[in-house]
Amino acid sequence: MAANWMRRTALVAACASAALLAACGSSSIESALKPQQLIAFGDGYSYVGNQRYTVNNASANNWTLQLLDHYQKNGSAAGGLHSFAEGNVRITDPTDAAGKPGTRTVTAQIDEFLATKTLAPNDLLLVNGGISDLIVGMAAVRAGTQTPDQFVANARLNGQALAAQVRRLVAAGASHIAVTGTYDLGKTPWAKSIGQEALLSQASSRFNEALLVALNDQSQHVLYVDAAYYVNLYESSPSSFSFNNATTPVCTSVDAGNGIGIGQGQVNSALCTSATLLPGADADRYVFADAVYLTPSAHRQLGTYAYDKLRARW
């Protein structure tokens, strides 16, 4: 069932698969959940530090910050958000996407949280992962140290590994967890530039499917926020979301190192500001900040999508 759900092309099909943790609803539904705080675990997709993986401007430029705004937790300040997420980190392997060893994995983030913090009944936990693991796996395929089949099989194992971390949080008493896997990296400018759209799409799907199947019995406490579905809509119908470019990164901030794990000399949105955009470009009209990560507008719309799903669910 999960495989069919991941291949859906319309919102109706997504709603029909509510049994796999997702709940579709109207934004008119009043939420009963008033989170005391939002607690985030994940990689560069959720990172809210000084150099975020997007255009670093004055906006709410990350989906977790957009959720913070919707729940009216001190606007875009950190007052209601405790984020453990870090850029480039993987789920279990401490060597990150850029090759840096000893990083704080998603697993280690949750270790730290469970060892030092106490959950409140109305805390909202946000969990993501998978992007960095897929970047590393694709690098191994291109280097000839891993076959495409091994890459896809490992993507499935990584989806299960992220699910295991979510189950740890449930076992520790978490009542409200929003989980998102990876969007379809086969739709990114990176995939197109290296001619690996099909393989990255397959691996992204296997990751998300494994995550969903492993959490299928946790629907009381876990909601799946389908970033893959929504980013696919950005790419297939950009004008519906006020975008006019879904294929070109808007940032020009080239990193001499392997900043986001896709090679040296590539654009790295963690270095991107309003001053390092394509000439005359409006960042809000682009889907991608760099060849992998999303612009502030894409993040905000994903955050609103997540909020509507959360409000309908809890």
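Me: Why is Asp284 called partly exposed?
Reply: Its relative accessible area is 31%. Buried means under 20%, exposed over 50%, and partly exposed in between (1.4 Å probe, protein chains only). So Asp284, at 31%, counts as partly exposed. This is a predicted model: local features need pLDDT of at least 70, side-chain atom pairs count only at pLDDT 80 or more, and totals for chains, interfaces and linings use all residues. Residues are numbered from 1 along each chain as its sequence is written, and side-chain values use heavy atoms, without hydrogens and water.

Me: What makes Asp284 and Arg300 a salt bridge?
Reply: Their side chains meet at 3.0 Å, N to O. The term needs a side-chain nitrogen of Lys or Arg within 4 Å of a carboxyl oxygen of Asp or Glu. At 3.0 Å, the pair therefore qualifies. Asp284 sits in the loop between strand 7 (266-267) and helix 10, and Arg300 in helix 10, 16 residues apart. Helices (H or I, at least four residues) and strands (E, at least two) are DSSP runs, numbered from the N terminus.

Me: How many salt bridges does the structure hold?
Reply: Ten. One of them joins Arg104 and Glu86 at 2.9 Å, N to O. Both residues lie in the loop between strand 2 (81-83) and helix 4 (106-116), 18 residues apart. A network of salt bridges links Glu86, Arg104 and Glu112.

Me: Is Glu209 buried or exposed?
Reply: Buried, because its relative accessible area is 10%.

Me: Why is helix 3 called oblique to helix 10?
Reply: Helix 3 (residues 63-70) and helix 10 (residues 296-313) pack at about 50°, with axes 7 Å apart. That angle makes helix 3 oblique to helix 10. Angles under 35 degrees are roughly parallel, over 145 roughly antiparallel, 65 to 115 roughly perpendicular, and the rest oblique.

Me: Which residues of helix 3 make the contact with helix 10?
Reply: Trp63, Gln66, Leu67 and His70. Contact means heavy atoms within 4.5 Å. On helix 10, the partners include His299, Arg300 and Tyr307. The residues of this contact divide into six nonpolar, five polar and one charged. Asp, Glu, Lys and Arg count as charged; Ala, Val, Leu, Ile, Met, Phe, Trp, Tyr, Cys and Pro as nonpolar; the others, Gly among them, as polar.

Note on methods:
Axes are lines fitted to C-alpha atoms, for helices over the stretch in contact, and angles run from 0 to 180 degrees between N-to-C directions.
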